[in-house]
Each structure stands twice: as structure tokens, then as C-alpha cells.
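Here are a few exercises to work through with the model open beside you. Try each task before reading its solution.

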Amino acid sequence: MKTESGLGEAYERLWQAQKAGKRFMHLPRIMECGVDGDDRVVIMEYVAGKTLDELVDDPGYTDESAAVIAVLLCDAVMELHECFDPPMIHRDLKPANVIISSSNLTLIDLGIARTFDKDAARDTRSFGTRGYAPPEQFGYGQTDERSDVYALGMLLYYLLAERDPSPSVAAAGFAGPEVPFALRPVLQRACAFDPAARFQTV
């Protein structure tokens, strides 16, 4: 990662926190983090397990699995938001960036994660995975905790539907048969276009 882009700064924050004695349940252990010329170099633990998309493709995946994973996903994102001051925003929550092991869930790829800046009007760069990233991540404003809430809503849809979300699914209010009626208002609110209309915290 090029240091001039600002990418990878989240790894530095995580490393410093871990060196200071903080332990995280759902974030990888950073062994070393530094700069080599114009490049940021990060050495971290290998996280064993399956990515979320691999797990969902497994014949043993069930609705019960989805319920357990949904809770762990919320716990993981809360670590980013609540254990750092100011909060860290992941900005690339998607199935390939979630590792499930027999006993845990780990968020990986903090390459485009950023620190929330209360004085910024918008992000300096637009990144993210379409289908999961919220509108403000593509130039409509600054990302904050509610941006990850949006992505969590889309991940919940993925857990239920076993396929990537599309704009038409959200525009239709998640009204398809793959989403239980009781969960539709949850997804609608989590994935509202306006961050002010979303759940304000995970």
C-alpha cells in the first residue's frame, strides 16, 4: 500500500493498540507495521477458516448459521467503532473480508479503513465494493459508523439470500421471499440512502 494514499493507516492504529495491551476478539493480530520507502508494510497473523462466501456456498450452511454469524458480525464491527477513539470505519465489509473459523469470526482487509474525522465534509478518496458500500462512500459525504451499518444490512441480506445484493433489491424494500417479513424493516432502515435515517450505531 502506498503511504501517500493514506491506505493502510488503520493497520498502524490497530498495531499501536495491540502493542499497548489491547486484545481484540474479531480483528487480526498485527506482528509488525512500518514504512519502506513509499510503501506501508504490514505483517499479520494468518487467519485460518473459510471466507463468508465460501461458507455460504457450503451444503451445511443453514438459517441457524446465518443467525449466529449475524450476531458475530455486529460484535466484530462494534470492536472497530467502540474500541478506537475516534472510531475506525471499515468501509469494505463484504463476504470475502469475513473469515469464519470453528470458534470465531474475524474481519480482514483493513486496507481502506479510515479514522472518522468530525471536521471532514467528505472522504478524501472513494473506495468500496458496490452492492455493499453505501452511497456516501462514492462522493455523497463522509463515511462514519452508519456507513458500516449500511454494509452490515447488505451482509445480512447476503446471509439470508445467499447471493450478493443489488440496488433493485434495496429499492424494492427487501420484499423478496428470501427475507422474512419481520426482518424487512430492519434491512430497510439499515440500508436507507440517508445516513440519518439508518440505525445510528451497530
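**Exercise 1. Find which residues have the most contacts inside the largest nonpolar core, and which elements supply this core.**

Step 1. The largest nonpolar core has 49 residues. A nonpolar core here is a set of buried Ala, Val, Leu, Ile, Met, Phe, Trp, Tyr and Cys residues joined through side-chain atoms within 4.5 Å. Buried means under 20% relative accessible area, exposed over 50%, and partly exposed in between (1.4 Å probe, protein chains only).

Step 2. L52, I69, L73, L107 and L159 have the most contacts inside this core.

Step 3. At least two core residues each come from α1 (9-19), β1 (30-36), α2 (52-57), α3 (63-82), β5 (98-100), β6 (105-107), α4 (145-161) and α6 (184-190). Helices (H or I, at least four residues) and strands (E, at least two) are DSSP runs, numbered from the N terminus.

Step 4. With 12 residues, α4 gives the largest share of the core.

Step 5. Now look at L159: leaving out residues up to four places away in sequence, L159 touches L52, V56, Y61, A66, I69, A70 and L73. Contact means heavy atoms within 4.5 Å.

A note on the model: it is predicted, so local features need pLDDT of at least 70 and side-chain atom pairs count only at pLDDT 80 or more, while totals for chains, interfaces and linings use all residues. Residues are numbered from 1 along each chain as its sequence is written, and side-chain values use heavy atoms, with hydrogens and water left out.

**Exercise 2. Decide whether H26 is buried or exposed, and list its contacts.**

Step 1. Locate H26 in the loop between α1 and β1.

Step 2. H26 counts as buried because its relative accessibility is 6%.

Step 3. Setting aside neighbours within four places in sequence, the contacts of H26 are L72, D75, A76, E79, N104, L105, T106 and L107.

**Exercise 3. Work out the strand order of the open sheet and which strands stand at its edges.**

Step 1. Three strands make up the open sheet, in the order β3-β5-β6, with antiparallel pairing. Two strands pair if DSSP finds at least two bridges between them.

Step 2. β3 (50-51) and β6 stand at the edges; each has a single partner strand, so one side of each is left without a neighbour in the sheet.

Step 3. Two bridges join β3 and β5 in the antiparallel sense, and T51 has I99 in β5 as its bridge partner.

**Exercise 4. Determine whether Y46 is buried or exposed.**

Step 1. Y46 is found in the loop between β2 and β3.

Step 2. Y46 counts as exposed because its relative accessibility is 71%.

Step 3. Y46 and R29 lie 17 residues apart in sequence, and their C-alpha atoms are 8.7 Å apart in space.
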